[in-house]
Amino acid sequence: MDYSLLKNKQREVRDGFRENLALRVHRALSWLNKSEQCNDDQDSQFIFLWIAFNAAYAQDTEVLRHTESEAFSKFVSKLVEMDENGEFLELIWSQFSSTIRVLLDNKFVYQPFWDYQNAKITETEWKSRFSSAKAAANNALSSKKTDVVICIILQRLYTLRNQIVHGGATWNSTANREQIRDGVAFLSKLVPIIINVMMDNTETLWGDANYPLISE
């Protein structure tokens, strides 16, 4: 599923969209389209895919700092529950099961590791948290809790997003190629599914979009 297919679907069904859903989908598709134009630049792809995701979610992604974030967890759970075709399930358990485990084992996308590097916590603390986080993630994987697994992955990728957007990485750096590659691969599949499920559920109250369109 790519931008072209989703855009054609949007044109066919958008008359039935509420204003907030229409704005979310329109914005998310625009950034997905841009990401697909950057096949030779994975850093840019990652950034544009994240913007597309955030346009669909359209709430404060600072909540991704907290594993207990109720609002974000509910959003993902709602999407998974509405996914009648099992696309999220297919994504997690068939397409990306090995990639997910690699991301979960990567300390460079785990925020407490960087908190330790910045002397905010001790080495013992970050290693203990990392061990506990991996155990919780593996439990979610073994229990096939699709929504929980997606939340955990996005929390990891949020650390990578911060590193790039806040100037903590070099463009096209060899130091973070693995996590960038895996992040792009995952988001390029996840974001279209999110948009598609939202378009299939026009009666759902998705909430107000951030920065609504204002006519002068």
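Guide: The largest nonpolar core in this predicted model has 56 residues. A nonpolar core is a set of buried Ala, Val, Leu, Ile, Met, Phe, Trp, Tyr and Cys residues joined through side-chain atoms within 4.5 Å; buried means under 20% relative accessible area, exposed over 50%, and partly exposed in between, with a 1.4 Å probe and protein chains only. Helix H10, residues 177-199, gives the most to this core, with 12 residues. Helices are DSSP runs of H or I with at least four residues, numbered from the N terminus. The residues with the most contacts inside the core are Leu32, Leu157, Phe186, Leu187, Leu190 and Ile195. Leaving out residues up to four places away in sequence, Leu190 touches Phe88, Leu91, Ile150 and Leu154, where contact means heavy atoms within 4.5 Å.

Now to two loop residues. Ala119 is in the loop between helix H7 (111-117) and helix H8 (123-142). Ala119 is not a glycine, yet has a positive phi of about 60°; its relative accessible area is 67%, so Ala119 is exposed. Asn172 sits in the loop between helix H9 (146-165) and H10. Phi of Asn172 is also positive, near 60°, and Asn172 is partly exposed at 42% relative accessible area.

Residues are numbered from 1 along each chain as its sequence is written, and side-chain values use heavy atoms, without hydrogens and water. As the model is predicted, local features need pLDDT of at least 70 and side-chain atom pairs count only at pLDDT 80 or more, while totals for chains, interfaces and linings use all residues.
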